[in-house]
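Student: Hi! Could you walk me through this one? I'm new to it.

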Amino acid sequence: MAWAVRGSAGAGGMNAHVAPGLLWGTAWWFLARDRGGPQSRRYTSGWILLALTAGFAIAGERGWMQWHHFYDGHLSTNYAKQAYVPISRAYGFLWYFIAGAAWAGLPACFLAWCASQRRMDVWQWTLRIACGFAGAYFAWRLFAAYPQAFLPLYGTIKEKYLDFHSNPSLLKLYRDCASATRHLGFCSGFLLFEAVRRDWKNVKLILAVGLINGSGWALLQNWKWAASVWPGTTFNFGRCWEVSGGISIGIGFGVAYYLVNRRRAPADIAAEDARLAGVGPWLQWLLASGLLWLIGWTMFWPPAIDLRAPLAPLPPAWLIHAGGYTYRLLGLAYAVAAIAYFFAARDISERDATERKTRLAWWVGLGLVLILGWFVRTQLVNRYTDEPADGSMGGWFSPASIYYSILLLYSAASFLRRIASPSTEDGLTSLRATGEAPTNAMDFDGLAVYASLGIILLWCIHVGMVTAWHASVFFGIVAAAFGICHYVQISRKSPIANGPPAGSLPFSADPNLQRWGAFLGLVYGLGLSVRKGIKGGANLYFGQENYWDGVCWNWIALAMLLGMLAGMVWILRTRKPRDFRGDVFPRAYGIFWLVLIAQNMLAQVVTGPIMGSRASWIEFVFSMFYAVLFLLTAVIAYHCQFIKTGDYSAITGM
């Protein structure tokens, strides 16, 4: 727990936040899982390890070191020259709330996706992803169109904001405010999708984590109050902020766990499934209609000019306006489709109504995949990171192009299957709408969801993962190979005897995909944690951290790739039946200890020397503090495992 507490709020690049994400994910997953078969809690999937690991990695891909000066009443314009202008302390509270809410809220969104509930088809996943990207797009357009509403004191020091060369601290402030606004847009978009689906547990999960951590970070004030409480004290207040900022995130997830992940009786699970199944697709189509209209509306705004690259070429105005009209018309079409679906059952027989709705749902869903998928592709091309959008991600073999190619292949395969046997395709759509699907057929929906999410994930976390041999590309190839092999195996198996049909399970509930998701989380989390640990240790003991990071990362990435290959072969060879009713993770206790010990060892490495000429009392205090946290966590883990098993033999392995 030491590493998670310390590293959660610190700067140092995206990969630095992998370690706390993995430990939080492993802790949530271990505490939530029941020993045995069906789970009594909702959020127990093995994908939680990867979801929180990647979520914190992505959320940490931005800075926060510009806002704490606001608590001193300073807006730094050139920190090296100690140049600043006076500003209200209220701006510090505001921006740390925004930063904290998005920092923890985005991983909470990913955690919400791991709920082992009803299956979602490709069009629903496309809409879910598009909601997040649309929220980020709209937030960026607002930021670019109305900088005076987002950039502190923009109205009074506009000339300084327009001269980043003379005011480099304002350049960093612009970057950090833009990134925080964009990330909050992602969270808002994902939250909107869950609200329209009426998945109130997902809504409570995201809001609880985001609001609690946003409030916690604002109240902590980056420990700027510490200098007045302990005047003249030589203490590492930055490290204290990292620890307390991490505790704030932990409190948020703890409250959320209590609110949404308590045990449920089988009757409650069935009632929740029935309630979610009763939400008609027309509500989600109305949401898609609103998104399309919103996108089209913003295209008539003044061009979104990034102040860091004000001379970057822009598409011609007529082309942008043509896109705006197109999105508006499509939005109107989907509103009409939603209304038509709602009234399709009137004045006709139940059978005719079902057939009409099924046929309409198929065409509308396929259209959403192609239209909203194209929008997501455009946002992937614009690479919403801390860097100005330059279109460099739009090549033929870029993640954006591969992502849309997957959707095109899925659409073509679905269309061909419908042409070959329209009644079969209508039956598939109807059965999926009720949570069922036949076996002995290639699950195009499942494979397309798996592949498209994998591409987007690689796009989001590829920063810093490129080695001399392009490690992220090979990671993607292995992940894709597993998905293809898994779904091919499913299509060749005979119908399962018990439990839900093969095609009805969400990826978060499939036992073999759960094992693969947990394994990916461990490989990715531990691999990049070791990388950052070596980099930090080299800086403390040898210097030249960037040199050692480059050398070691090539070998660590190779070890991760070999581990992925070995795990893929092992899971495919030992695959479990889709209706497996036993314990998918019989060694969950050992996995938790592996992560806990590894992360605490790395935390001690990067804390600093406690012996020798470079040792300091401050570093020794933090080393002891992390050791105490480790012991407390170990006792809690032991107690939880004892409660799960009810006897000592399962704990000791005897």
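**Rings, bridges and helices**

Tutor: Happy to. Trp 217 is buried, at 0% relative accessible area, where buried means under 20%, exposed over 50% and partly exposed in between (1.4 Å probe, protein chains only). This is a predicted model: local features need pLDDT of at least 70, side-chain atom pairs count only at pLDDT 80 or more, and totals for chains, interfaces and linings use all residues. Residues are numbered from 1 along each chain as its sequence is written, and side-chain values use heavy atoms, leaving out hydrogens and water.

Student: How many aromatic pairs are there in the whole structure?

Tutor: A search finds 52. Rings of Phe, Tyr and Trp (its six-membered ring) pair if their centres lie within 6.5 Å; planes under 30 degrees apart count as stacked, over 60 as edge-to-face and the rest as tilted. Trp 140 and Phe 143 are stacked, with 5.9 Å centre to centre and 20° between the planes. Both of them are buried.

Student: And what kind of pair do Trp 217 and Trp 241 form?

Tutor: An edge-to-face one, 5.3 Å centre to centre with 70° between the planes. Trp 217 sits in helix α8 (residues 200-220) and Trp 241 in helix α10 (residues 237-260), 24 residues apart. Helices here are DSSP runs (H or I, at least four residues), numbered from the N terminus. Trp 241 is also buried, at 0% relative accessibility.

Student: New topic: how many salt bridges does the count come to?

Tutor: The count is 13, a salt bridge being a side-chain nitrogen of Lys or Arg within 4 Å of a carboxyl oxygen of Asp or Glu. One of them joins Arg 128 and Glu 194, at 2.7 Å from N to O. Arg 128 is in helix α5 (residues 122-145) and Glu 194 in helix α7 (residues 168-196), so the pair ties together parts 66 residues apart in sequence.

Student: Is Glu 194 buried or exposed?

Tutor: Glu 194 counts as buried, at 1% relative accessibility. Glu 194 also forms a salt bridge with Arg 197, where the closest N and O atoms are 3.8 Å apart.

Student: Last one: which residues make the contact between α18 and α19?

Tutor: From α18 they are Val 478, Ala 479, Phe 482, His 486 and Tyr 487, and from α19 Asn 512, Leu 513 and Trp 516; contact means heavy atoms within 4.5 Å.

Key
Helix = DSSP H or I, 4+ residues; strand = E, 2+ residues; numbered from the N terminus.
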